[in-house]
Every structure is written in structure tokens, then in C-alpha cells.
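Student: I'd like a close look at one part of this model, please. Could we take the pocket and follow the elements around it?

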Amino acid sequence: MFSQFFGNYLLNKEEITKDQFTSCMEYMRANRVKLGLIAESEGLLTRTQANELNQLQMQTDKRFGDLAIERGYLTDSDVSYLLKLQGNPYLIFVQALDENKIMDLEKVTGLVADFQRDNGLSHTALEAIKCGDFDRLLPSFVTADKDDYFSLMSLALRNIVRFVSPYIRIDTAEKTTEYSARYIAYQKTTGAYDGFLGFASNDRAILTIADGYAGEYFERPDEDALDSVGEFTNCINGLRAAELSYQDTAIDMLPPELLFDSGISDAAGFYILPLYITGKKVDMMIKC
């Protein structure tokens with residue numbers, strides 16, 4: 001998630017090119033973040049110490065952490081802590097920028113501060129973007145009067161990361177009473193509350209969800225493709241129903257509905273949350 005938020009910012013500021021961003025994405029798919037970069041980012045090692053240990057690794061069959069402990073630079077607990085951070089999306093993207101010789105950690109740190117300031121992000125929101133925590137991030141992008149909205153949005157986003165793509169970002173949600181699009185797949189729920197969850201787009205972007213969830217390639221946003229998106233909403237609503245059952249709250253799911261060049265309306269209003277999945281815009285529609 002961080003790579004999409006910050007990467008888009010760098011593109012708009014012309015700090016990186018599209019080709020450089022693509023190179024970073026390819027790097028991230030193939031690599032884990034190095035322990036030395038994490039230690040430097042956390043202030044546990046200097047750049048000189050990290051470079052020294054990297055050189056030593058080339059000369060001996062020992063792990064970076066073991067060498068750091070031998071040299072007295074890190075403790076056992078330091079290494080254990082750093083290993084837990086090795087899958088951190090922020091650090092992986094920073095490493096991708098560094099390894100592709102686009103910018104070093106010092107420049108990244110300064111631009112992250114600019115990114116936070118220019119977007120009016122709180123410290124909590126920035127840290128949520130860095131670690132991919134939707135629960136903490138959503139209140140910065142959604143003004144909702146019920147916690148149910150945050151719960152369902154967060155659940156949906158986590159499942160997009162799980163089944164579709166980890167490379168997503170969100171924009172500010174809007175509440176509306178009417179919405180139309182070229183392609184819509186959504187599912188209504190009844191019971192404890194009458195609501196719905198769906199996804200829509202005006203172009204082929206909705207195929208990012210169809211392809212990702214079905215695990216196959218759809219040539220066009222036809223009924224088969226939208227049916228895959230509908231099944232994805234059914235999966236999310238099923239998980240939500242299971243969560244609510246533990247709270248003695250029951251909801252029933254109606255069959256998914258597919259709409260072409262049409263729209264939905266609700267006098268009480270619902271939310272549209274813009275998503276960018278691998279850079280392609282899809283709207284999430286939610287009513288709780």
C-alpha cells in the first residue's frame with residue numbers, strides 16, 4: 001500500500017519516472033528487504049556500519065545479523081526485532097528505490113515528510129500507510145456515522161490485498177444517494193441491517209478484481225467477468241456475516257446483481273470509496 005501512495009506522489013512531483021516506478025514494483029515482487037537497510041532506517045546502524053557488514057557477508061558464510069552481533073553493533077534482541085520488520089512494505093519500497101539507484105534513504109526520508117505535509121496526514125495515518133493498517137487509515141479518508149462502515153471497508157480492503165493485489169491505495173470517500181457506472185457488481189444484505197457492497201468502474205479497471213479473484217484472465221468486462229466480481233462481494237459479505245454471528249447479529253445475503261450502463265440509488269445514502277488497484281481506478285460502494 002505504501003508503494004502506491006508514495007509512488008503516486010513521487011510520480012506527480014516528477015521525482016521518479018513511470019519506468020523507474022515499474023522497476024521498483026518488479027523489484028518488490030522478487031525481493032525481501034535487507035536487514036541492513038532496516039537497521040539503518042530504525043537508527044540501530046549507521047550507513048558505514050551497514051556497508052561494512054555487507055562487505056563482510058561477501059567474504060564469509062555468515063548471516064548479516066550474526067556478523068552484526070559479532071562486531072558488537074547489534075544485540076540478539078535487536079536482530080529479532082529487525083527480522084520481524086523484514087516484510088514491512090515501507091522498507092521494501094525504500095530498498096527498491098535504493099537498489100535501483102533512484103534515491104537513497106536520506107532523500108526518501110525528506111520526501112516522506114513532504115508527502116505527509118502535502119497530504120495533511122497525521123502521524124497515525126502515515127504509520128498506517130507504511131505498515132498497511134486499514135483500520136487505522138480509513139478514518140483519514142472516510143467520514144462515517146457508523147463503525148459498521150469502517151469494519152466492512154477494512155474487511156473488503158484486506159481481502160483485495162489477499163485475493164487481488166497488494167498494490168492498492170484509496171482516496172477520500174463521498175456519501176451520495178445516487179451512483180451510476182458502466183459496470184457494476186454488487187450484493188445486498190438483509191437482516192440486522194439492509195445494506196450492500198459492490199464494485200464498479202467505467203472502464204476495464206473492474207477486471208483487476210475479476211481476474212485476481214477468479215485466478216484467470218477475462219478479455220472484457222462481460223457478464224462472466226462481473227460474475228467473478230459478484231462472487232468476490234459474496235466472499236467478503238460471508239466473512240462479515242461470520243464476524244457478526246459472534247456478536248449475536250445475523251444478516252442474510254441476496255444473490256449478487258450485475259448492472260451494465262446503469263446505477264443504484266438509496267434515499268438514506270451510501271458511500272463511494274475510490275480505490276486504485278495497480279494504478280487502475282475502481283469504486284467500492286457500501287451501505288451498512
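By class, how many nonpolar, polar and charged residues does the lining of the largest pocket have?

Tutor: Happy to! The lining of the largest pocket has four nonpolar, five polar and three charged residues; nonpolar means Ala, Val, Leu, Ile, Met, Phe, Trp, Tyr, Cys or Pro, charged means Asp, Glu, Lys or Arg, and the others, Gly among them, are polar. This is a predicted model, in which local features need pLDDT of at least 70 and side-chain atom pairs count only at pLDDT 80 or more, while totals for chains, interfaces and linings use all residues. Residues are numbered from 1 along each chain as its sequence is written, and side-chain values use heavy atoms, with hydrogens and water left out.

The largest pocket has a volume of about 260 Å³, the space filled by probe spheres set on grid points joined across faces, edges and corners. A pocket here is an open set of points on a 1 Å grid over the protein atoms alone, where a 1.4 Å probe fits, with protein on both sides within 12 Å along at least five of seven lines; lining residues have an atom within 4 Å of a point. The lining is made of Gln4, Asn8, Leu11, Lys18, Phe21, Thr22, Met25, Arg29, Tyr167, Arg169, Thr278 and Gly279. Helix α2 (18–30) gives the most, with five residues, and both α1 (2–12) and α2 supply at least two. Helices (H or I, at least four residues) and strands (E, at least two) are DSSP runs, numbered from the N terminus.

The axes of α1 and α7 (residues 89–99) come within 9 Å and cross at roughly 45°, with each axis fitted to C-alpha atoms over the stretch in contact and angles running from 0 to 180 degrees between N-to-C directions. The two helices are therefore oblique to each other. Phe2, Ser3, Phe6, Gly7 and Leu10 of α1 touch Pro89, Tyr90, Phe93 and Leu97 of α7, contact meaning heavy atoms within 4.5 Å. That contact holds seven nonpolar, two polar and no charged residues.

Helix α8 (residues 105–118) also packs against α1: their axes come within 11 Å and cross at roughly 90°, so α1 and α8 are roughly perpendicular. (Under 35 degrees is roughly parallel, over 145 roughly antiparallel, 65 to 115 roughly perpendicular, the rest oblique.) In α1, Phe2, Phe5, Phe6, Tyr9 and Leu10 meet Val108, Leu111, Val112, Asp114, Phe115 and Asp118 of α8. Nine of these residues are nonpolar, none polar and two charged.

Now for the strands. Arg169, one of the lining residues, falls within β1 (residues 168–170), which pairs antiparallel with β5 (residues 257–277) over three bridges; strands pair if DSSP finds at least two bridges between them. Ile168 stands opposite Ile277 of β5. Thr278, also in the lining, sits in the turn of the hairpin that β5 forms with β6, where two residues separate the strands, and has a positive phi of about 50°. Seven bridges join β5 to β6 (residues 280–287) in the antiparallel sense, with Pro274 opposite Asp283.

Strand β5 also pairs antiparallel with β2 (residues 174–191), over eleven bridges. Here Ser180 has Gly263 as its bridge partner, and Ala185 stands opposite Leu258. Strand β2 in turn forms a hairpin with β3, with three residues between them.
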